[in-house]
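Hi,

Here is the structure I said I would pass on. Have a look at it first, and my notes follow below.

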Amino acid sequence: MMFVDLDLYRAFHYVARAGTISGAARELFLSQPAVSQAIKRLETQLDVKLLLRTSKGVRLTKEGEILDQHIAQAYSLMESAERKIRDVRSLGAGEIRIGASDTICKHYLIPYLEAFHRTYPKLRIHVTNRTTPETIALLQAGKVDLGVINLPVEAGPELVMRETLVVHDCFVAGGRYRDLGRQPMSLKDLSEHPILMLETASNTRRYVDRWALGMGVRLEPEIELGSIDLLVEFACVGLGVACVVREFVEQEIKTGRLCEVRLTEPIPQRNIGVVTLKGVGLSVAAATFAGNLTCRD
């Protein structure tokens, strides 16, 4: 086994990140000759060329790119370990980054966020509102610690998902379409009325569309909106029949603003869940918050 001075790897990591010897030297508080010598020693020990000098600085060779990928991962793991140690000492500081849609934030996460903030008032909570596909992209880019998303999704092997809440998609109506709720009707019959749905970028919309196609019906909404709250308001004034999450409109149904349009074959239940990256450890704060989102139906 080859043992290489970790300071040499550190010098290489900073050069790869800065793109110049001088830039790395400034970050490391070393002289340029010292950094250049460290790179030469590393290349000698590994018996490979890692950098090529250019007019604008340095460029990684193919071997250098391979080494940089592994060193970057190693540094990420070390930073994660240091962060966990700091978090273990105290949850009184730091930050948790959550990705979730507007609807999930309002109708599901707010009580959890309130309780978490009350318990850890000095911990910063940063929430980024995006659709499920966009939240997954933010997670993969390292811009959020975890996502709370609409399931199901076609997950890659790098994603880990845990179901936390069972939800039921349904259709609701108000105004002139309220009478549709008097008795169950087929999806085909319902589709002959004006349909209001979320935009196609929504994972919820995709789920309902796939189910409808499986029933032999292609839903063609007259109005597409970005949030369930807007769908509710549009349905209440009689602009059509809205596809919403029943658990999120219980108050409107209870007060009579809306009535559920029952289907002879209801939409199968699905879940909301937490998504994280496999092999990337959560901070104590993020793990604590995610653990509070227990599975319930």
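**What I found**

Taking contacts (heavy atoms within 4.5 Å) in the chain between residues at least 6 apart in sequence, 75% join residues at least 24 apart. Bear in mind that this is a predicted model: local features need pLDDT of at least 70, side-chain atom pairs count only at pLDDT 80 or more, and totals for chains, interfaces and linings use all residues. Residues are numbered from 1 along each chain as its sequence is written, and side-chain values use heavy atoms, with hydrogens and water left out.

The chain has 11 helices and 12 strands (DSSP runs numbered from the N terminus: H or I of at least four residues for helices, E of at least two for strands). Its C-alpha atoms fill a box of roughly 80 × 40 × 35 Å along the principal axes.

Of the 297 residues, 44% count as buried, meaning under 20% relative accessible area with a 1.4 Å probe, protein chains only. Ser101 counts as buried because its relative accessibility is 15%. Its side chain reaches the backbone nitrogen of Ile104 at 3.1 Å.

Cheers

Key
Buried < 20%, exposed > 50% of the residue type's maximum accessible area, 1.4 Å probe, protein only. Polar contact = N/O pair within 3.5 Å; in protein donor to acceptor, adjacent residues only side chain to side chain.
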